[in-house]
Amino acid sequence: MPKRLEEMQRDLWTYLLLVWITCIPYSSTAPFANQSRSLQSGATAGHRGPNEGQRILSRAKRGWVWNQMFVLEEFEGPDPILVGRLHTDLDVGSKNIKYVLAGEGAGTIFSINDKTGDIHAMKRLDREEKAEYTLMAQVINRDTNEPLEPPSEFIIKVQDINDNSPQFIEGPYVASVPEMSQVGTSVTKVTATDADDPVYGNSAKLVYSILEGQPYFSIDPNTATIGIALPGMDREIRDEYMVVIQAKDMGGHMGGLSGTTTVTVRLTDINDNPPKFAKNFYDFVFPEDLGLGKPGGKVKATDKDVGENAKSIYSIIGGNEKGVFEITTDSQTQEGILMIKKPLDFEMQKHFNLTVEATNVRYGPTGPYKDTTTVRIAVEDSDEPPIFTRPTYVLEVHENTAINTVIGVVTARDPDATGSPIRYFIDRHTDLERQFNVNVDDGKITLAKPLDRETDMWHNITVTASEVRNNSQISRAIVAIRVLDINDNAPEFAAEYEPFVCENGKPGQVVEMVSAVDKDDPIQGHYFEYRLVPEMLNNPNFTIKNNGDNSISILTKHDSFRRQKQEMYFLPIIVTDNGNPPMSSTNTLTIRVCRCNKEGTIQSCNLEAYVLPIGLSMGALIAILACIVLLLVIVVLFVTLRRHKNEPLIIKDDEDVRENIIRYDDEGGGEEDTEAFDIATLQNPDGINGYLPRKDIKPDLRFEKRGHLFTS
């Protein structure tokens with residue numbers, strides 16, 4: 001630290017000497033160049049003004065004597081530093097001249113001796129804070145404060161010294177470069193700044209160098225570009241370096257200030273390493289009943305690279321000619337997963353030797369990197385379920401085939417070496433109506449119930465096969481049974497026809513077009529034959545005509561149809577199919593006679609339209625009948641009410657007749673005595689109709705079979 005302070009003081013005095021050498025000659029010659037004019041102007045003014053008291057009307061000339069002033073920054077001393085001196089040609093020893101200073105820093109940073117014009121800096125200046133100050137100088141009369149000359153502007157510049165060290169504003173830095181890069185490959189560029197004046201001297205001229213990081217990296221001293229200095233830098237050996245960069249001003253010479261920063265350089269990965277299996281041989285045991293697509297074993301090849309450069313894909317390049325195995329790559333763990341594509345059969349092949357290859361996804365500088373290993377697989381015997389000769393059976397049987405007829409056979413075998421016998425069953429969930437049976441020993445399927453193709457054309461059942469020695473080993477096969485058609489259904493009309501004929505119809509008019517349907521489904525298709533029943537062959541009213549498309553037309557033979565004569569006609573028709581043997585049925589058409597308008601539209605088909613009075617419609621007839629029924633109901637109600645009104649109020653049942661003997665203690669007064677008792681009281685002891693029993697007589701009521709008879 002003392003050495004550093006000594007260097008700064010030496011530099012300061014050097015700059016002061018340079019300033020003195022530069023400024024003294026100019027200051028010594030400049031006043032004399034202007035002084036003749038200033039003195040001349042000042043002498044004329046001094047001769048006439050004070051002595052004669054006359055006001056000078058001529059234009060005053062500026063007579064300042066100074067140069068641009070300089071002051072060193074960061075100067076400290078016991079006394080204010082002299083910056084410069086102002087002088088005017090008016091100053092010829094007169095005591096009434098006063099120098100005045102105004103502007104930036106006047107009175108605070110800079111002071112002036114109002115008599116001599118000396119300017120001093122009273123504070124330490126920093127060029128990096130403010131490089132120059134603009135001030136105004138003026139000469140005034142000390143007594144009257146009136147200006148003797150116009151004010152003049154001048155500048156005081158702060159001269160720089162090397163008091164600021166270089167700074168890396170953006171540091172510390174982080175950079176990356178691919179591993180194995182060639183020497184001279186650019187890594188990054190750093191930048192330092194110096195607050196000193198870049199124009200004056202070398203205070204801001206920077207030179208860069210590496211303090212730490214050699215021999216791996218180098219730096220250009222002027223551009224500060226960092227590059228690779230050592231070939232073969234391998235990320236797998238070392239992936240990160242710390243480089244310390246120094247920036248020094250003064251062109252790097254002694255006494256210059258310096259600053260440092262760090263650059264963290266990371267080597268990025270390239271695919272320069274192949275995958276490598278951990279073992280040359282892998283041994284696995286696969287159960288014989290391992291499911292398709294289920295993992296049976298895993299292999300893994302590791303790669304020193306990272307990221308995408310470390311990813312590999314696996315493939316089987318040998319020993320898998322039959323395509324029994326496949327291998328997939330787990331993207332998360334980078335493992336090769338072995339699975340089976342086809343079922344294993346211990347009885348057919350017990351061992352497999354596979355060659356598995358791992359290849360990098362990305363190519364390296366010399367092509368794809370790969371490695372191989374051998375996988376030995378041993379098949380473990382398992383108790384397998386029976387195997388049907390076919391997964392699906394299709395059987396055919398004619399409908400109405402006799403019960404217990406064998407319609408087909410299913411066959412299964414035990415693939416194991418033990419060869420267990422097989423038993424067969426029908427899954428009754430697929431045969432709820434129990435229409436089929438299977439022989440448990442030989443797999444023959446027989447009918448249990450008659451079949452009807454028109455009800456169900458197909459039956460799908462499931463037959464199971466299980467080992468006798470191990471009932472848990474079960475296999476299933478689907479048996480599709482197709483019911484074949486026989487001609488067991490007669491054709492019939494396709495619809496319920498309602499034909500009619502108009503009274504004013506013409507002979508040969510089409511009454512109805514009739515077609516037929518048949519539930520059977522012959523291979524050659526349907527063909528129907530229509531004919532009238534034998535007794536109707538000479539029908540005088542209607543005839544039939546074959547349309548050639550399995551339909552017929554009903555035609556009229558005359559135009560004399562009348563409802564008064566016959567309201568409807570019945571026409572039986574025989575329909576026969578072309579089956580073997582042929583089936584036929586008789587269907588009867590009911591043809592009504594209707595009254596139609598000229599366009600043939602029905603107006604009425606009922607005979608009562610001619611019987612009812614003219615103008616009386618069916619709605620009117622219904623209203624009349626409703627009125628008659630209502631009157632009958634009223635009459636019946638009236639008669640019933642009258643009958644009930646003629647009956648007595650008290651109805652006595654013959655079975656409810658009781659004999660009452662009432663004894664009184666007093667004698668009666670005969671027929672005229674009406675106060676002894678009242679019959680109404682006896683009939684209604686509670687005082688019906690307002691009659692109450694006498695309180696002074698206490699009757700002795702007793703029911704007997706003899707004496708007087710009272711009914712109540």
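**Note on the predicted model**

1. Overall make-up. Of the 712 residues of the protein chain, 35% count as buried. The model is a predicted one. The chain holds four helices and 44 strands. Take the contacts in the chain with a separation of 6 or more: residues 24 or more positions apart account for 66% of them.

2. β24 covers residues 370–380. One face is covered: Asp371, Thr373, Val375, Ile377 and Val379.

3. Partners of β24. Strands of a sheet pair through backbone hydrogen bonds, either parallel or antiparallel. Strand β18 (residues 281–287) runs parallel to β24, joined to it by seven bridges. Strand β23 (residues 351–360) pairs with β24 in the antiparallel sense, over nine bridges.

4. A three-stranded sheet. The order is β3-β7-β6, in an open sheet with antiparallel pairing. β3 (81–85) and β6 (110–112) are the edge strands, each pairing on one side only. On average, neighbouring strands of this sheet are turned by 30° against each other, direction ignored. β6 and β7 (residues 118–121) are joined by three bridges. Within this pairing, Phe110 has Ala121 in β7 as its bridge partner.

5. Asp234, a residue to look at. It sits in the loop between β14 (225–228) and β15 (240–248). Asp234 is buried, yet has no salt bridge. The nearest side chain of opposite charge is that of Arg235, 6.2 Å away. What does the side chain of Asp234 reach at 3.1 Å? It reaches the backbone nitrogen of Glu236. Leaving out residues up to four places away in sequence, Asp234 touches Glu179, Met180, Leu267 and Asp272.

6. Arg235 and Glu236 are linked with Asp269 in a network of salt bridges.

7. Lys130 lies in the loop between β7 and β8 (132–141), and Glu104 in the loop between β5 (97–103) and β6, so the pair ties together parts that are 26 residues apart in sequence. Lys130 is partly exposed, with a relative accessible area of 32%. Glu104 is partly exposed as well, at 34% relative accessibility.

8. The side chains of Arg142 and Asp114 meet in a salt bridge of 3.3 Å, N to O. Arg142 is in the loop between β8 and β9 and Asp114 in the loop between β6 and β7, so this pair ties together parts that are 28 residues apart in sequence. Arg142 counts as partly exposed, with a relative accessible area of 25%. Asp114 is partly exposed too, at 24% relative accessibility.

9. Glu308 and Lys311. These two form a salt bridge, with the closest N and O atoms 2.9 Å apart. Glu308 is partly exposed at 36% relative accessibility. Lys311 is partly exposed, with a relative accessible area of 31%.

10. Cis peptide bonds. Which peptide bond has omega near -5°? The bond from Gly171 to Pro172, which is cis. Pro172 is found in the loop between β9 (152–159) and β10 (173–178). Another cis peptide bond joins Asn580 and Pro581, with omega about 0°. Pro581 lies in the loop between β40 (568–576) and β41 (584–596).

11. Positive phi at asparagines. Asn404 has phi near 70°, a positive value in a residue other than glycine. Asn404 lies in the loop between β26 (392–398) and β27 (406–409). Is Asn404 buried or exposed? Asn404 is exposed, with a relative accessible area of 57%. Asn550 has a positive phi as well, near 65°. The place of Asn550 is the loop between β38 (542–546) and β39 (551–556).

How values were computed:
Residues numbered from 1 in each chain as written. Predicted model: local features only at pLDDT ≥ 70, side-chain atom pairs only at ≥ 80, totals over all residues. Heavy atoms only, no water. Helix = DSSP H or I, 4+ residues; strand = E, 2+ residues; numbered from the N terminus. Buried < 20%, exposed > 50% of the residue type's maximum accessible area, 1.4 Å probe, protein only. Lys, Arg positive; Asp, Glu negative; His and termini not counted. Salt bridge = Lys/Arg side-chain N within 4 Å of Asp/Glu carboxyl O. Polar contact = N/O pair within 3.5 Å; in protein donor to acceptor, adjacent residues only side chain to side chain. Contact = heavy atoms within 4.5 Å. Pairing = 2+ DSSP bridges. Axes fitted to C-alpha atoms, helices over the stretch in contact; angles between N-to-C directions.
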